[in-house]
Amino acid sequence: MSTVTAPDVTLSASAAKRINAILAKQDGAAFLRVSVEGGGCSGFSYKFDFADAANADDMVVERDGAQVLIDEMSLEFLHGAEIDFSTELIGAAFKIKNPNATAACGCGTSFSV
């Protein structure tokens, strides 16, 4: 496990705050895990999950005490991305601002490269 440094992947202040709030209510979970999987309406999709420990190939992104795990394969798709949390009229959600995505769907959880 190693810590990612900018410009690999960054966390916004609002994402860090929300991750800390969520993990405080999760028994045993110490990390938010972000991964990229095949599928979704644009070819790839983001997956958000909880983890109690890091795997050997995980990179850790940290900000204000919040820790996010990203596996080595997913990191290739997320290089230069920012994980954000936004609250809008239609709802609140984690958003990934990914410079590698050439197209994205309306829901914001699916993309293509």
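This is a predicted model: local features need pLDDT of at least 70, side-chain atom pairs count only at pLDDT 80 or more; totals for chains, interfaces and linings use all residues.

**Layout.** I counted elements and got 2 helices and 10 strands. Reading from the N terminus, I wrote down the order as β-β-α-β-β-β-β-α-β-β-β-β.

I checked burial next: of the 113 residues in the protein, 37% are buried. The protein exposes about 6200 Å², with carbon and sulfur atoms supplying 52% of that area. I also looked at contacts between residues at least 6 apart in sequence, and 53% of them join residues at least 24 apart.

**Core.** Which residues have the most contacts inside the largest nonpolar core? I found Val68, Leu78 and Ile83, in a core of 23 residues. Several elements supply at least two residues each, among them strand E2 (9-11), strand E3 (31-38), helix H2 (72-78) and strand E7 (81-88). Helix H1 gives the largest share, 5 residues.

I then followed Val68 on its own. Skipping neighbours within four places in sequence, I listed its contacts as Leu11, Ile19, Leu32, Val34, Met59, Val60, Val61 and Ile83.

Last stop was Asp64, in the loop between strand E5 (58-63) and strand E6 (66-71). Its phi is near 50°, a positive value in a residue that isn't glycine. Is Asp64 buried or exposed? I got a relative accessible area of 58%, so Asp64 goes down as exposed.

Conventions:
Residues are numbered from 1 along each chain as its sequence is written. Side-chain values use heavy atoms; hydrogens and water are left out. Helices (H or I, at least four residues) and strands (E, at least two) are DSSP runs, numbered from the N terminus. Buried means under 20% relative accessible area, exposed over 50%, partly exposed in between (1.4 Å probe, protein chains only). Contact means heavy atoms within 4.5 Å. Accessible areas come from the Shrake-Rupley method with a 1.4 Å probe; for residues, only the protein chains shown count as cover. A nonpolar core is a set of buried Ala, Val, Leu, Ile, Met, Phe, Trp, Tyr and Cys residues joined through side-chain atoms within 4.5 Å.
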